[in-house]
Amino acid sequence: MKIVQIDKDKWETGFQKLTEKYRLFGPVKEYDFHNFKELDQGQVPDLTCLNTRLSPKSIIYPQTEVMFEYSLDENRDDHHILKEANKTYPPQAVIGIRPCDAKAFALVRLNFDTPAYKDPYWLKAYEATTLVGLACDAPCRSCFCTTAGCGPYHEEELDLLLIESGDQYYAKVITDKGEAFLEAAGWNHKLDEKTALKEIEARKQAAEDKICARVKTDNLRGSETNALYNAPFWEAVSFACINCGTCTYVCPTCWCFDIQDENYGSCGHRMRNWDSCMYPLFTAHGSGHNPRATKLHRVRQRFMHKLKYYVDKYDTGIQCVGCGRCVRLCPVNIDIRRVCELMNNHDSLKDTCAV
Amino acid sequence: MLGYIDKIKEISARLLEECQVEMVIGFRKGTVPMMNEPHFAKSPAEVENFVWDSNCGINLCNYLTNRSEKIGILAKGCDSRNIVTHIIENKIKRDQLVIIGVPCKGMLDKRKISAMFDGEIDEVIEDANNITVKGDGFEKTLNKTDVLQQNCSICIHRNPVIHDELAGDPVEEQTDVDRYADVREIEALSPEEKTQYFEKLLEPCIRCYACRNACPLCYCPTCFTDESRPQWVAKGQDPTDVRTFHFLRAYHCAGRCTDCGACERSCPVGINMRVLTKKLEKDCLELFEWEAGLNPDVRPPLDTYKPSDPDAFIK
């Protein structure tokens with residue numbers, strides 16, 4: 001374990017050095033909110049931000065991503081051949097990512113990196129990325145990370161964890177990538193581990209104590225899938241939903257995409273775009289039949305996937321890190337914490353008796 | 001506005017008790033500050049969950065589309081105008097509805113209020129004229145009229161235009177508002193400046209379609225954005241496609257939009273796409289002396305022809 005002190009007055013100098021080795025991303029305020037953006041030369045991330053409006057998942061998994069290109073021009077030798085798009089994956093670092101958003105990559109990886117299938121685009125981008133986390137000392141009221149398998153100082157998936165302490169940051173090295181990042185920045189003021197860890201531990205405890213929202217998930221795995229699927233509360237849960245894609249697009253753990261070809265004259269490309277299980281088109285068949293034809297079907301699918309199917313399939317907890325974005329941004333205030341409580345408390349025997 | 005809730009509950013419970021309706025659509029208390037959730041009651045007991053305050057901005061008419069049962073619905077001025085439009089467009093029948101009119105003095109602009117404070121807002125307490133915003137290390141009292149949604153602050157139809165019951169006495173209508181100051185500013189720009197303005201306006205869009213789906217007018221079985229034969233607009237984040245979506249959607253609302261603000265309110269990235277629909281609203285007013293959703297018995301100008309229709313655009 002190595003902990004390095006970074007004085008805030010050495011912050012900018014470090015960034016200047018880092019830009020020689022990395023593409024840098026960090027929270028930047030635009031409009032009236034923060035988002036992760038690629039930093040210009042000399043630009044430093046705004047680490048005062050509580051959390052960004054959109055999750056940083058798009059840095060590794062862009063909303064629109066070209067995979068293949070083709071030409072229909074028969075004068076060319078390679079006409080009508082779908083060719084891998086020419087892409088490079090230079091080293092990049094995401095600075096100021098919150099522990100919840102970093103942990104989300106572990107969940108998404110279950111989909112993109114399996115023994116049977118490895119998504120080359122996601123994996124290459126992921127491997128090229130160094131995640132420099134920022135511990136959360138002021139979690140939002142709608143954050144529920146501590147009961148979603150995460151926490152304000154959670155280290156999973158991070159290469160480095162920054163902890164703010166007055167005029168300096170403590171940088172806790174977690175992986176070799178993190179070590180290399182510090183080296184590239186020239187930040188090498190090593191601290192006495194024991195003392196620093198003690199302070200970090202105290203701060204961690206204080207931060208965790210500030211999390212006031214919780215979800216209970218203990219009954220989800222044991223509950224019967226069909227009983228939850230047929231539970232009587234879905235009509236009320238889904239009533240307000242307008243079936244927009246906000247919850248899924250702002251979610252750091254939603255991974256679904258759709259593939260489209262786009263043609264421009266005699267050339268074109270095949271790309272993938274984020275898709276959302278909230279959209280009717282998501283499951284529409286070519287025949288016109290739609291197995292999830294109503295919003296009740298679609299809302300139920302989203303929550304069943306995150307809180308039941310995923311839980312059963314992977315046995316690593318819920319498909320949620322408790323970042324609270326969907327809670328804060330749902331235009332009609334559908335709250336996953338409320339739904340999780342309904343699902344976790346659902347007593348299927350009671351339904352059977354009522355019938 | 002805060003005083004309406006007892007009357008709302010009383011009317012709703014009565015309608016359900018007398019089986020005049022199968023459900024009443026209203027709001028229940030939200031789980032985050034400045035939000036309430038659209039909610040229904042199917043029994044008099046469930047009416048107890050209803051709330052009414054200045055966080056009921058979501059347009060409830062959106063929940064009526066193609067429903068077949070008898071419904072009681074709470075309707076502010078804007079909701080009522082969209083209900084009229086729904087009746088005109090055969091999306092709901094008048095005799096299916098018991099409209100509980102709720103005179104309105106405007107709804108809070110959650111985004112504007114949030115942007116006024118550095119930290120997170122924990123609580124917003126409302127009284128007749130003010131709200132008190134509390135958060136970590138701050139507490140401030142604001143006059144409600146200063147922090148209304150922009151469409152509310154320029155609203156000239158605060159009272160429901162159609163109703164069967166009323167939850168409170170009608171409120172005074174605003175008469176001295178300039179509804180189109182922002183549109184005129186854009187109209188005055190040069191073509192290059194306009195292009196820049198619209199590029200900047202729509203740049204943050206993530207195509208979640210919240211604006212479309214929050215809008216009571218957007219009820220097409222398959223939206224043009226979802227059509228694949230032909231594919232009118234591509235699906236990616238190419239700015240041209242993003243703009244095409246917004247411009248076309250706005251045109252589909254011409255002569256129908258009531259400026260209820262649902263689109264802007266729902267946007268997760270704070271785009272004021274209302275400037276697009278407002279321009280069309282202004283044109284309809286100037287060309288046809290038309291305001292949408294005021295009378296269920298008059299066909300809108302864009303689905304009728306009159307010999308006297310203005311034709312100055314034919315050159």
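How much area is buried between chain B and chain A, and what percentage do carbon and sulfur atoms give? About 3400 Å² is buried, with carbon and sulfur atoms giving 55%. The model shown in these views is predicted.

**View 1. Chain B meets chain A.** On chain B, 45 residues are in contact with 43 residues of chain A. B:Thr31, B:Glu120 and B:Ile206 supply 16% of the area that chain B buries here, more than any other three residues.

View 2. Three salt bridges link chain B and chain A. In a salt bridge between B:Lys42 and A:Glu235, the side chains come to 2.9 Å, N to O.

View 3. Two or more residues each come from β1 (23–29), β2 (36–41), α3 (110–115), β5 (121–126) and α7 (210–214) of chain B. The largest share, five residues, is from β2(B). By type, the residues on this side are 19 nonpolar, ten polar and 16 charged.

**View 4. An open sheet in chain B has five strands.** The strand order is β2-β1-β3-β4-β8, with mixed pairing. β2 and β8 (165–166) of chain B are at the edges with a single partner strand each, so one side of each has no neighbour in the sheet.

**View 5. Strands β3 and β4 of chain B pair in the parallel sense.** Five bridges connect β3 (residues 71–75) and β4 (residues 97–101) of chain B. B:Ile73 has B:Ile99 of β4(B) as its bridge partner. Helix α2 (residues 77–88) of chain B packs on the sheet and touches both β3 and β4 of chain B. The direction of α2 makes about 135° with that of β3(B).

How values were computed:
Residues numbered from 1 in each chain as written. Chains lettered and ligands numbered in written order. Predicted model: local features only at pLDDT ≥ 70, side-chain atom pairs only at ≥ 80, totals over all residues. Heavy atoms only, no water. Contact = heavy atoms within 4.5 Å. Buried area = accessible area lost by both parts, 1.4 Å probe. Salt bridge = Lys/Arg side-chain N within 4 Å of Asp/Glu carboxyl O. Helix = DSSP H or I, 4+ residues; strand = E, 2+ residues; numbered from the N terminus. Nonpolar A, V, L, I, M, F, W, Y, C, P; charged D, E, K, R; others polar. Pairing = 2+ DSSP bridges. Axes fitted to C-alpha atoms, helices over the stretch in contact; angles between N-to-C directions.
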